[in-house]
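Dear colleague,

Please find below the structure that I am handing over to you. My notes on it follow directly after.

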Amino acid sequence: MAKIIDGKKISQEIKDELKERVAALKEKGVEVTLAVIQVGNNPASTVYVGNKKKACAYVGIRSLAYELPEETTEAELLELVEKLNKDDSVNGILVQLPLPNHIDEDKVIKTIAPEKDVDGFHPESVGRLSIGQKGFVSCTPAGIIQLLKRSDIEIDGKECVIIGRSNIVGKPMSMLLLRENGTVTICHSHTKDLKEVTKRADILIVAIGKTKFVTADYIKEGAVVIDVGMDRDENGKLCGDVDYADVEPKAGAITPVPGGVGPMTIAMLMHNCVSSVEE
Ligand SMILES: Nc1nc(=O)c2c([nH]1)NC[C@@H]1CN(c3ccc(C(=O)N[C@@H](CCC(=O)O)C(=O)O)cc3)C=[N+]21
């Protein structure tokens, strides 16, 4: 029986700590403000953005919602980002991804001022993380480190295997695990004999976007399994990239979906907003 890593509970602890820090800032007359921009109405994005606004309200962060129509041009979006860059009352800017196809995501991310890049997606933020300088860290991988630390799971010297090499999860995850002295392997679609690699993992991070892809035969007995997937099963129910029912009995610890990594992503966004104002 695996220990269930409760992301909902741990994210709540983090939000409660942040709530006190925001209250202390308010006493000094300092307000924390996050601008959230959504283009179009992708239903998943609407749910995530809604959760972000709710978390802001709980922690005491002011949130400004920009809900732009699907037809918004790239120039219009860039103009809004530049306006928010210059607005001293705005501390953080988040542009919800994915953007409609006619907008170049890289160009938009590059336009966000690095000092307001609470998503940690700007090339400067990514570069800083890779060379060990202070900067914003992508929220999902930062949340996974918190899940491990707050569950007393040691990373130092451990075999850490990541499946997936995305810019927002896999790659920054590798940098964070390396910073914690893990031995890090990143697997992807061209990896030969994937199971042989994943079976070496003491800590396995799964971020591939394939419903219930990882089964018990991918893991070592007692491994820590972190599921970053946000998928739908055959009944339309939310599930992850890990076949939970199959893997849980063999794992040492595991994150559920929902209630695992997802809520941590939002807690770390709140953390990034608050820490940017405190420093
Ligand atoms: N600029 C940008 N920043 C992001 O951080 C970002 C993004 N774009 N685009 C999409 C992904 C995905 N993401 C999630 C956030 C919360 C949950 C979450 O709260 N999940 C809940 C369940 C949510 C539900 O009920 O559907 C859970 O796992 O328990 C999931 C996924 C942030 N992302």
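Helices and strands are named here as DSSP runs, numbered from the N terminus. The model is a predicted one. In these terms, Arg165 sits in the loop between β5 (159–163) and α7 (170–179), and Ser166 also lies in the loop between β5 and α7.

The UniProt record, an unreviewed entry, annotates Gly164, Arg165 and Ser166 as "binding site". Arg165 has 18 other C-beta atoms within 10 Å and is therefore partly exposed. Ser166 counts as partly exposed as well, because 17 C-beta neighbours lie inside 10 Å. When residues up to four places away in sequence are not counted, Arg165 touches Gly170, Lys171, Ile186 and His188. With neighbours within four places likewise left aside, Ser166 is in contact with Lys171 and Ala207.

The unreviewed UniProt entry also lists residues 138–278 as "domain: Tetrahydrofolate dehydrogenase/cyclohydrolase NAD(P)-binding". Over residues 138–278 the chain is 35% helix and 17% strand, with the end C-alpha atoms 19 Å apart.

I turn now to the ligand. It is surrounded by 18 residues, of which Tyr48, Leu97, Pro258, Gly262 and Thr265 are the closest. Two or more residues of this shell are given by each of α2 (43–59), β4 (92–95) and α10 (261–278). The largest share, 4 residues, comes from α10. By class, the shell has 12 nonpolar, 5 polar and 1 charged residues. Domain 1 (29–114) and domain 2 (139–261) each supply at least three residues to the shell around the ligand.

With kind regards

Technical notes
Residues numbered from 1 in each chain as written. Predicted model: local features only at pLDDT ≥ 70, side-chain atom pairs only at ≥ 80, totals over all residues. Near = placed C-beta within 6 Å. Nonpolar A, V, L, I, M, F, W, Y, C, P; charged D, E, K, R; others polar. Domains from an automatic or database assignment. UniProt positions renumbered as here; feature names shortened; annotations may be inferred. Buried ≥ 20, exposed ≤ 12 C-beta atoms within 10 Å, placed from the backbone. Contact = placed C-beta atoms within 7 Å.
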